[in-house]
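Hi,

Here is the structure I promised to pass on.

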Amino acid sequence: MSQKTILITGCSSGIGLAAARSLRARGWRVFASCRNPDDCNRLIAEGFDSPRIELRDAESIRSGLQEVLAATGGKLDALFNNGARGMPGAIEDLPAAGLRDLMESNVIGWHDLTRQVIPIMRAQGHGRIVQNSSVLGYVSMRYRGAYVASKHALEGLTDSMRIELRDTPIHVSLIEPGPITSDMRKNNAAQFFEWIDWENSAFAEDYRNGLVKRFTEKQEGLDPFELPAEAVCKKLIHALEANRPRARYRITKPAHIMNVLRRLLPTSLLDWVIAKA
Ligand SMILES: NC(=O)c1ccc[n+]([C@@H]2O[C@H](COP(=O)([O-])OP(=O)(O)OC[C@H]3O[C@@H](n4cnc5c(N)ncnc54)[C@H](OP(=O)(O)O)[C@@H]3O)[C@@H](O)[C@H]2O)c1
């Protein structure tokens, strides 16, 4: 049997990197894409194929996928859409240009890549598409509105796509993690300081004692519910290799608890719980 192939976006760190390593260890040929050429070179030195894909750049999506297909003879067994970032800050502090930039990265780029992959999977008669969403794809949280909006949009697109593809041999799954150890906090901090004029905000004091502190001071220990990226890899492997992959994989206790609470509680009570969390 020929080696299975997968394209993963956002492999410079965190879940993407862990997924690339664990799937390779299971015998997959992994195209571990990054947006920064230095990261691509680092992964190539580790023995991966590493096409450059910047999800805000349509040309790099096209050329990155072409590079993969040139290496595989035009086939691709699986796509793991993963590369994304956050942009913490209250909705009223979020510049439209920042929100647009984040949506290009977290939603439009994923959509563009997925649309180009589906015809390949249809033609070869099989395929798996796995979308790395979040607990914030089905509940909301203060100061995370941009990211929440992007993951809710992703959930909507993915649910529609899964229904549309139900009579095809292409399986579509959502992964919905809660807190996972990765570079996300560091990358979120960079986005916050780049886009949010926090000192002139109505929330300045709250930012100073919360987000800014969290971003600038060394934090001891893990979030009590935080799991390593390998917890995501386990579910990803099921989504890719099981005969009957699931539509959704929730990971970490908060992801399970929030899923129950949002079904049971009226909005006002759910808001209270989330505000306290
Ligand atoms: N960590 C968590 O708690 C958590 C929870 C739920 C869901 N997730 C999801 O897990 C996925 C991976 O995040 P992570 O936790 O592993 O964080 P991470 O360590 O920050 O990794 C994010 C990856 O996405 C890449 N990326 C960001 N913007 C991109 C763009 N425009 N084009 C291409 N690549 C881009 C980053 O590349 P650079 O290094 O070049 O920025 C990096 O490789 C994301 O979809 C995230 O929403 C994470």
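Predicted model: local features only at pLDDT ≥ 70, side-chain atom pairs only at ≥ 80, totals over all residues.

The axes of α1 and helix α9 (residues 230-241) come within 9 Å and cross at roughly 55°, which makes α1 oblique to α9. On the α1 side you'll find Ile-15, Ala-18, Ala-19 and Ser-22, and they meet Glu-230, Val-232, Cys-233 and Leu-236 in α9. By type, the residues of that contact split into 6 nonpolar, 1 polar and 1 charged.

α1 also turns up around the ligand. There are 29 residues surrounding the ligand, and the closest are Gly-10, Gly-14, Gly-83, Ala-84 and Ser-182. The elements giving two or more residues to this shell are α1 (14-25) and α6 (184-195). Which of the elements gives the most to the shell? That would be α1, with 3 residues.

Helix α4 (residues 96-124) packs against helix α5 (residues 145-164) at an angle of about 20°, and their axes are 10 Å apart. Roughly parallel or oblique? Angles under 35 degrees count as roughly parallel, so α4 and α5 are roughly parallel to each other. Their crossing is right-handed. From α4, the contact uses Leu-99, Leu-102, Met-103, Asn-106, Val-107, Trp-110 and His-111, while α5 brings Ala-146, Ser-150, Ala-153, Leu-154 and Leu-157. Sorted by type, the residues in the contact of α4 with α5 come out as 9 nonpolar, 3 polar and no charged.

α4 has another neighbour in helix α3 (residues 58-72): the axes of α3 and α4 come within 10 Å and cross at roughly 35°. Here too the crossing is right-handed, with α3 passing α4. Ala-58, Ile-61 and Leu-65 of α3 make this contact with Gly-109, Asp-112, Leu-113 and Gln-116 of α4. The residues of the contact of α3 with α4 divide into 4 nonpolar, 2 polar and 1 charged.

Finally, the overall picture. The protein has 11 helices and 6 strands. Its radius of gyration is 19 Å, close to the 19 Å that the globule rule gives for 277 residues, so the protein is as compact as a globular protein of that length. If you need to set up a box, the C-alpha atoms fill one of roughly 60 × 45 × 35 Å, taken along the principal axes.

Cheers

Conventions
Residues numbered from 1 in each chain as written. Axes fitted to C-alpha atoms, helices over the stretch in contact; angles between N-to-C directions. Helix = DSSP H or I, 4+ residues; strand = E, 2+ residues; numbered from the N terminus. Parallel < 35°, antiparallel > 145°, perpendicular 65-115°, else oblique. Left-handed = near helix turned anticlockwise from the far one by under 90°. Contact = placed C-beta atoms within 7 Å. Nonpolar A, V, L, I, M, F, W, Y, C, P; charged D, E, K, R; others polar. Near = placed C-beta within 6 Å. Rg over C-alpha atoms; globule rule 2.2 N^0.38 Å.
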